[in-house]
Amino acid sequence: MRKRKEWVNHILNFIAVILGVYLAFFLNEKSTINKEIKEGQQLMNSLITDLSEDITTYEEYHIPINIKQQENLRKLIELLSKDKLSNIEKELFTVFQVDNFTPTKTTYSSMKSSGKLKLIDDLSLRKKIDDYYEGIVLESVKKGDFQVEYFTNELLKWLTGNVDLMEMTLLRKDDLIGLRNKIIVYESLVKQKVNAYQLVVEESKKLKLNLESQLK
């Protein structure tokens, strides 16, 4: 009888140890999951902050100022068509305006390089984040780069050879058609960039809403 009780105690102790180990693993796993959920939420909040700040910067500065440059360039094109030299010289300064913006990718790049993008369980949301930063954002940056490249290689080259940049006066007035053609191309590049910026704002607002919905 006594031996039987001892065996029962051994069995109960063994079961208690097994349950204790299992419970410890369970609690540790639950703690890890909760920690990852919390970290994922913090990263999504950080993405929302990045998007919000970018939207404000685009809407309050970079889109309006580039639209204004478009208008000034069109005005300059019109003056070049009419050969109004004195007015042309007054408006040449607008060609030198280059205002480009690269959206903040700090949080996204950190998540991507560390593998923490997987902390967002929603696969469709993860794809939207990737598509936004790797597609739409990169395309808008390229548009700005095209503008800078054309300005440097075409417009600046022409201006340094044909304009007194100190006085902002034309030195050669026999190639205004060439200048006009270059500015027509340049204005189209600015327009493409503005369209890209507006698309970034539109898509960033959608992504921001998706992230906020996920957090709820």
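Buried means under 20% relative accessible area, exposed means over 50%, and partly exposed is anything in between (1.4 Å probe, protein chains only).

Setting aside neighbours within four places in sequence, Ile129 is in contact with Leu47, Tyr108, Leu117, Ile120, Leu207 and Leu211; contact means heavy atoms within 4.5 Å.

A word on ground rules. Residues are numbered from 1 along each chain as its sequence is written, and side-chain values use heavy atoms, with hydrogens and water left out. Since this is a predicted model, local features need pLDDT of at least 70 and side-chain atom pairs count only at pLDDT 80 or more, while totals for chains, interfaces and linings use all residues.

Now for the overall layout. The protein chain has 5 helices and 2 strands, running α-α-α-α-β-β-α from the N terminus on. Helices (H or I, at least four residues) and strands (E, at least two) are DSSP runs, numbered from the N terminus. Of the 216 residues in the protein chain, 34% count as buried. Among contacts with a separation of 6 or more, 82% are between residues 24 or more positions apart. The protein chain exposes about 13400 Å², with carbon and sulfur atoms supplying 56% of that; the areas come from the Shrake-Rupley method with a 1.4 Å probe, and for residues only the protein chains shown count as cover.

How confident is the predictor? The protein chain averages a pLDDT of 85, and 81% of the residues score at least 70. pLDDT is the predictor's confidence in each residue, from 0 to 100. Among the elements, α5 has the highest mean pLDDT (94) and α2 the lowest (73).

That helix α2 covers residues 85–91 and includes Glu91. Glu91 is buried, at 14% relative accessible area. Not counting residues up to four places away in sequence, Glu91 touches Lys75, Leu76 and Leu79.

Thr107, Tyr108 and Met111 are buried in α3. Seen down the axis of α3, its buried residues fall within an arc of 100°, so they line one face of the helix; the arc is that of the directions from the helix axis to the C-beta atoms. On the other side of α3, Thr106 and Ser113 are exposed. After α3 comes Gly115, with a positive phi near 80°.

On to the charged pairs. Side chains of opposite charge can pair when their charged atoms come close. A salt bridge is counted when a side-chain nitrogen of Lys or Arg is within 4 Å of a carboxyl oxygen of Asp or Glu. The count comes to 10 salt bridges, including these:

| Pair | N to O distance | Helix |
|---|---|---|
| Arg74 and Glu187 | 3.0 Å | α1 and α5 |
| Asp131 and Lys127 | 2.8 Å | α4 |
| Glu212 and Lys208 | 3.0 Å | α5 |

Arg74 lies in α1 and Glu187 in α5, so their pair ties together parts that are 113 residues apart in sequence.

The Asp131 and Lys127 pair sits within helix α4, its members 4 residues apart, about one turn of the helix. Asp131 is partly exposed at 40% relative accessibility, and Lys127 is exposed at 52%. Glu212 and Lys208 are also 4 residues apart, in α5, so about one helical turn separates them. Glu212 counts as partly exposed, at 25% relative accessibility. Finally, Glu202, Glu203 and Lys206 are linked in a network of salt bridges.
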